[in-house]
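Please look through the following model together with its sequence.

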Amino acid sequence: MSEKRKQQAKLLRNFRSIHRTLGALLFVFFFVVSITALLLGWKKNSGNLILPSTKMGTTTTINNWMPMEQLQDIAFNVLKDSVSSSINLDLDRIDSRPSKGVVKFVFKEHYWGVQLDGATGKVLSLSPRRADVIENIHDGSILDVVFKTNSNILKLIYSSVMSISLLLFTVTGFWLWYGPKRMRKSKRTP
């Protein structure tokens, strides 16, 4: 066997070993990432199971809407009355949808969402935001929620490990496909 062919075979064995080891070590993580990616891709077509649909308010004219403070108070009271009187009311964001006449309230410490008619303050939806949970699992930020870190460090570590692993998986997988073809071709040529 030529020296060049021996080097190609050794490289192929090394890539196979890396590919197999990464696959074994990160199987569960790749499985979770793929399932959550599939669910996130389907969230708007899940019949409100994953993501509650955005409802329609009575008017799209913002000048006719109630003040944001009043809408916020209504959202807080609905959440306390319907979910738990001791629920955390720290807001993550207020999502105003003028084209639909709706204001959505999304919270930091839990996955409940409240949709109100911007003009009347009527509750259009009070529902769990499963898509947010799935997204947090997918990108690793659930670790920062569980361990109560404020720096997103666990998300960064998780995302970095998964990204680098996927890159290595792609490179080694390509080489496992291409390497034998290259070796067969070099065997035929003198």
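Which elements each supply at least two residues of the lining of the largest pocket? They are β1 (91-97), β2, α3 (130-139) and α4 (141-146), where helices (H or I, at least four residues) and strands (E, at least two) are DSSP runs numbered from the N terminus. The model is a predicted one, in which local features need pLDDT of at least 70 and side-chain atom pairs count only at pLDDT 80 or more, while totals for chains, interfaces and linings use all residues. Residues are numbered from 1 along each chain as its sequence is written, and side-chain values use heavy atoms, with hydrogens and water left out.

The largest pocket has a volume of about 870 Å³, and among the 32 residues that line it, D92, R93, Y111, D132 and N136 are the closest to its centre. On a 1 Å grid over the protein atoms alone, a pocket is an open set of points with protein on both sides within 12 Å along at least five of seven lines, a cavity is a set where a 1.4 Å probe fits but cannot get out, and lining residues have an atom within 4 Å of a point. Points are joined across faces, edges and corners, and a volume is the space filled by probe spheres set on them. By class, the pocket lining has seven nonpolar, 11 polar and 14 charged residues; Ala, Val, Leu, Ile, Met, Phe, Trp, Tyr, Cys and Pro count as nonpolar, Asp, Glu, Lys and Arg as charged, and the others, Gly among them, as polar.

Strands β2 (102-107), β3 (112-117) and β4 (123-128) each supply at least two residues of its lining, which includes F105, V114 and S125. That lining divides into four nonpolar, four polar and two charged residues.

Turning to the whole, the protein has five helices and four strands, which run α-α-β-β-β-β-α-α-α from the N terminus on. The axes of helix α1 (residues 3-41) and helix α5 (residues 153-188) come within 8 Å and cross at roughly 145°, the axes being lines fitted to C-alpha atoms over the stretch in contact and the angles running from 0 to 180 degrees between N-to-C directions. The residues of this contact divide into 19 nonpolar, eight polar and five charged.

Along its principal axes, the C-alpha trace of the protein spans about 85 × 35 × 25 Å.
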